[in-house]
Amino acid sequence: MSSSLVEEATRIALQFDYPAEQVQRGVAEYIRQSDEGLAKEGATLSQIPTFVTAVPNGTEKGLYLAVDLGGTNFRVCSVQLHGDTTFNLTQSKIMIPRELMASGTSKDLFLFLARQIEAFLRIHHNEHFEAHLRRKREDRGEEYLFDLGFTFSFPVRQDGINSGTLIRWTKGFNIPDAVGHDVCALLQSAIDDLDLPVRVAALVNDTVGTLMARSYTSPGETGTLLGAIFGTGTNGAYVEKLSNVSKLENMNDSHYDTSTGEMIINAEWGSFDNQLSVLPSTIYDIELDADSNNPGIQMFEKRVSGMFLGEILRRALLDLHTKLGLFKLSKTSKVSIPTDSLLYRQWGLDTSLLSQVEADTTKQFVDVKAALKDHLKVENPSDTECKAVKILVHAIGKRAARLSAVPLAAILIHTGKLDTDDVVDVGVDGSVVEFYPDFETHLRGALREVPQVGEAGDKKVRIGISKDGSGVGAALIALVASKDQTLVTPNSK
Ligand code: BGC
């Protein structure tokens, strides 16, 4: 039985293979879908114009507030930009209660966010806050002290730098009454209800924030081409030629600076190929999607990002559990697994389990055993069981990393950057790219298999973690929005 466990795990793992030829087909299809998204509304790839028409060069200065809603935590921070590519960031993080994420009303959620901003101001900027209250009491006229950049990491149709309507929720959020509404207005109204000295100055996707922050801090002559998130969700924002964004012609009432000839586009690549014309699918992917709260949507994300990798693994493990007795007590095994193990709970497995298993290089599966115990309450698994788990984890993680090369290669090819630049800078953030062992190595492996990129192209691509992108990036955009200050064009850095 034990050898059949490993054989079956190997058989399942094979279904997660994503060979070169499929990578190449994926890239060609991504380029097609991205052109479609630039030309019209309602395409699979949203290709959302952000109205941010330049990236920073590191000389920007000032104190700004930023908040970040988009994953498991809500972050509030203040950012002091020093104007010499450095900054100071003070932040607080709070877990969003589950009931606010999926069953409450938008009013409940935004009031909760405003309360966190209030608490942050009281702790870190109390002097300003009290001064504001005094002025109000003395009726010396309203004054906004803080400009706030709102990082809101969901698909939003932007109609200006500080307004945009929510297209759909992703990553387990589901508050239907917010869809179709301006999320900046919702936040501003909750802030005003609490009488806070804050003006929502800019609406920012986390990928755009990552791109901006990377451009502010990155060394050398080159502006950053792409900001990408591989975390709870996945997405990218890149610098596009204005002349390619043909759908802008139909957005008559929008105003933006055309002098740079460029605009940052939020690709929303989590929804690449929702129709599954080229994405690989296993039975686990199909069932995960069917049981999710947004079937048929975010199909790329459901194969790549942190929120889903654990669930894919859970389903594969359950399969081995049911069919071949993985983690089931037998005459020869001492393994035990309680009925309240997260193995039995949908979305129960965290991606950190996969990272921990993948990182284990010991013959005795020391970390695999610890991870199984910590995450699944599995005690005394056999080495064979650990091996089977490791085979599955490796296959799922490697497919995610190789898939991640698809949008990157497509954007490199589409923008022609490899032909014109010696270094192409990419800023990344998110738990998967940061902590999943060898994620970048596998991604680069697939990138090199795309003929238009190849070894030479891969060498030109500089990938750097852009920590705190959503805070610093949002602050930078708030700065532009509030001061009407312009940033430099990507190529004039
Ligand atoms: C959202 C994107 C976001 C990404 C990473 C996706 O689910 O649709 O807007 O950028 O997650 O946080």
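Asp438 lies in the loop between helix 15 and helix 16 (439-448); helices (H or I, at least four residues) and strands (E, at least two) are DSSP runs, numbered from the N terminus. Asp438 has a positive phi of about 65° although it is not a glycine. With a relative accessible area of 46%, Asp438 is partly exposed; buried means under 20% relative accessible area, exposed over 50%, and partly exposed in between (1.4 Å probe, protein chains only).

The model is predicted: local features need pLDDT of at least 70, side-chain atom pairs count only at pLDDT 80 or more, and totals for chains, interfaces and linings use all residues. Residues are numbered from 1 along each chain as its sequence is written, and side-chain values use heavy atoms, with hydrogens and water left out.

Phe365 also has a positive phi, of about 55°, without being a glycine. This residue is found in the loop between helix 11 and helix 12. Phe365 counts as buried because its relative accessibility is 12%.

Helix 11 covers residues 351-359, and its buried residues are Thr351, Leu353, Leu354, Ser355, Val357 and Glu358. These buried residues pack against helix 10 (306-324), helix 12 (366-376), helix 13 (383-415) and helix 15 (431-435), where contact means heavy atoms within 4.5 Å.

Another loop, between helix 8 (283-290) and helix 9 (301-304), holds Asn294. Asn294 counts as buried because its relative accessibility is 12%. Leaving aside neighbours within four places in sequence, Asn294 is in contact with Trp169, Thr170, Asp289 and Lys302.

The ligand is surrounded by 15 residues, and the closest are Thr170, Asn205, Asp206, Glu268 and Glu301.

| Residue | Part of the residue | Distance to a ligand oxygen atom |
|---|---|---|
| Phe154 | backbone N or O atom | 3.3 Å |
| Asn235 | side-chain N or O atom | 3.0 Å |
| Glu301 | polar side-chain atom | 2.8 Å |

Taken alone, the ligand exposes 310 Å², and the protein buries 98% of that; accessible areas come from the Shrake-Rupley method with a 1.4 Å probe. Helix 7 (206-217) and strand 10 (234-241) are the elements that give two or more residues to the shell around the ligand.

Definitions and conventions
A residue is near a molecule or strand if one of its heavy atoms lies within 4 Å of it. A polar contact is a pair of N or O atoms within 3.5 Å; within protein, one must be able to donate a hydrogen and the other to accept it, and residues adjacent in sequence count only if both atoms are side-chain atoms.
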